[in-house]
Amino acid sequence: MALVATVAISFVLAAGCGYFADRLRLPPLVGYLVAGILMGPFTPGFTADTALATQLAEIGVILLMFGVGLHFSAADLIAVRGVAIPGAIGQIILATLLGIGLCTLWGWNLGAGLVFGLSISVASTVVLLKALEERNLVNSPNGRVAIGWLIVEDLAMVLALVLLPIVAEVLGAQGAGAHGTEGGATPVALTIVLTLAKLGAFAVLAIVLGPRIVPWLLTLVARTGSRELFTLTVLAIALGIAFGSAMLFGVSFALGAFFAGVVMSESHLSHRAAADSLPLQNAFSVLFFVSVGMLFNPRILVDQPLAVLAILALITLGKSLIAAGFVLMLRYPVSMALTVAASLAQIGEFSFIVAGLGVSLGLMSQEGYDLILAGAILSITLNPLMFWAATKLKTALSGAVPSYGERRIKTLRRELDVIKARVEEKESQQQLKKQQLVHTFPLFSEVNEHALEELLLLFRPDSASPGDKVIRVGERGDAMYFIASGAAEVRLPGNSIMLEAGAFFGEMALLSGGLRTADVIAVDFCQFLKLDRRDFNIFMARHPRLRAAVSDMARERKKMNVPGSIKSGATD
């Protein structure tokens, strides 16, 4: 009952608090965190099982990172590399140093300061995407730069998650959580090298084998036509790679899941995979944020208000000024600098993951975790205000430096337009295939877009030269043939029927379970689309109207096979 109660009450409270947060024009994420606080041990009422919630949250982390990898665009990152890579790395370093400096004033050690600095240096991808979507900025150059910036931050944090456990003892970890290596700096350096070597081996394996195996596997399962099996396969790949990489290579679940998403994004079925896995990803992501809220002690707001305000100022003002400074220093426009500054004026999911790891390793106290969580909740709440201020500043400064960064932004727009055109061409080619299928075979106008996509996966191309016998009388029916180009002749006793592009044959034996009743010979160079017996039966069972149309045609053709019948039409 502990598991059922934790999950049920988490969803109920998260749904209610998320709705009220949305009504207050705040990200629902704030509501999920508040739901966790209400369920935690520091507030009256129901107290959830924190250990169970933490384990469920681990699945949330895996699916969050899988989603980040699935939407990762190497092309977009390459296009904005000139500003996103140096800007993000520079901002992480400076924000981390500011965090270490602030912690030094509080008397914290270097390890706690490093974890704290890293936690506040990375913004929330979830919050950023929602903010950009609300302002229609996702596909704008400014929005692309902000997203690319956060991708670099996420990658840097993934590396931090790998390295922190190794250097924990050197940084002053306390207690059993420390995983450092005894013997000084040399063993630690050796451990880092070995870990990076394992990480490199895993990355190479994922990059080399992944694009060959994962898309093939997705296509194989998609051919079954079972949506639940396809969704299950997507989740099995995400969780399987995450778990397997942790067991075999010693990398984190988060990194394994991220690579699983990156590999799957190369498949032409990535959009479907993202759509099918999104509900479960969202559900466990909610549990992740609820579990984070459960660990927060609201008394920190009363006991240490100045510390909370200092963290909030560092997140909303310090990080924003650093980010804007880097954008301007790299000679990009003021409008971009303000958009990026507002986008980074908050912290989120990676901050919680890094801080939680710091606590488990003994690098940082629970008090530090509470301060980070307080800064996250307040900065996310104030983020719409930061975007409003950025918009006002853009208007006020639009005439001050009109030409600053204009050349670079024009170059960036051209690169992004090229990438966008490639993506649209790829999508249009798939759409064109569907349109051509319906145009060539009007029979398929009966089915929807999803079914047409499934058909394109089920069809197996085949060809025949003039004189080749495609079907022999008396054979067992193994497939239905659709003529994409060329012509074929159906030879009946005392009669022959010509079939051209757009016609089909071979369905009678499949429907009746009997043997072929006529020879079919290619009279031209023919290109066929074959639908195998099993695929034919499964597809037709799911589309009864199409099966009825094919059955009607089969009955008419059967009559034509009778000697003396009307010598027109087509048969097999």
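This note reviews the fold, the cores, the cavity and selected residues of a predicted model.

1. Basis. The model is predicted, so local features require a pLDDT of at least 70 and side-chain atom pairs count only at pLDDT 80 or more, whereas totals for chains, interfaces and linings use all residues. Residues are numbered from 1 along each chain as its sequence is written, and side-chain values use heavy atoms, with hydrogens and water left out.

2. Overall architecture. The chain comprises 22 helices and eight strands; helices (H or I, at least four residues) and strands (E, at least two) are DSSP runs numbered from the N terminus. Along the principal axes, the C-alpha atoms fill a box of roughly 100 × 60 × 50 Å. Of the 572 residues, 51% count as buried, where buried means under 20% relative accessible area, exposed over 50%, and partly exposed in between (1.4 Å probe, protein chains only). Among contacts (heavy atoms within 4.5 Å) between residues at least 6 apart in sequence, 78% join residues at least 24 apart.

3. Nonpolar cores. A nonpolar core is a set of buried Ala, Val, Leu, Ile, Met, Phe, Trp, Tyr and Cys residues joined through side-chain atoms within 4.5 Å. The largest has 85 residues, of which Phe 116, Met 264, Phe 288 and Phe 352 touch the most other members. Helix α11 (residues 253-264) supplies the largest share of this core, with nine residues. Leaving out residues up to four places away in sequence, Phe 352 touches Leu 33, Phe 288, Phe 289, Val 292, Tyr 369, Leu 373 and Ala 376. A second, separate core of 38 residues includes Leu 150, Ala 337, Ile 409 and Leu 416.

4. Helix α15. Nine of the 10 residues of helix α15 (residues 334-343) are buried, so this helix is largely enclosed by the rest of the structure. Among the buried residues are Val 334, Met 336, Ala 337 and Ser 343. The buried residues of α15 pack against α7 (125-134), α8 (141-167), α14 (305-329), α17 (366-397) and α18 (406-440).

5. Cavity. On a 1 Å grid over the protein atoms alone, a cavity is a set of points where a 1.4 Å probe fits but cannot get out, and lining residues have an atom within 4 Å of a point. Grid points are joined across faces, edges and corners, and a volume is the space filled by probe spheres set on the points. The structure holds one cavity of 30 Å³ or more. The largest cavity, with a volume of about 30 Å³, is lined by Thr 6, Ser 10, Ala 53, Leu 56, Leu 287, Val 290 and Ser 291. Two or more lining residues come from each of α1 (2-23), α3 and α12 (270-294), and α12 gives the most, with three.

6. Thr 43. This residue is found in the loop between α2 (28-39) and α3 (50-70). Thr 43 counts as buried because its relative accessibility is 16%. Its side chain reaches the backbone oxygen of Leu 38 at 3.1 Å, and a polar atom of that side chain lies 3.4 Å from the backbone oxygen of Gly 40. Not counting residues up to four places away in sequence, Thr 43 touches Ile 37, Leu 38 and Pro 298.

7. Lys 530. Strand β8 (residues 526-532) contains Lys 530. Lys 530 is buried, with a relative accessible area of 17%. Neighbours within four places in sequence aside, Lys 530 is in contact with Leu 458, Phe 459, Arg 460, Asp 462, Ala 479, Met 480 and Tyr 481.

Key. A polar contact is a pair of N or O atoms within 3.5 Å; within protein, one must be able to donate a hydrogen and the other to accept it, and residues adjacent in sequence count only if both atoms are side-chain atoms. On a 1 Å grid over the protein atoms alone, a cavity is a set of points where a 1.4 Å probe fits but cannot get out, and a pocket is an open set with protein on both sides within 12 Å along at least five of seven lines; lining residues have an atom within 4 Å of a point.
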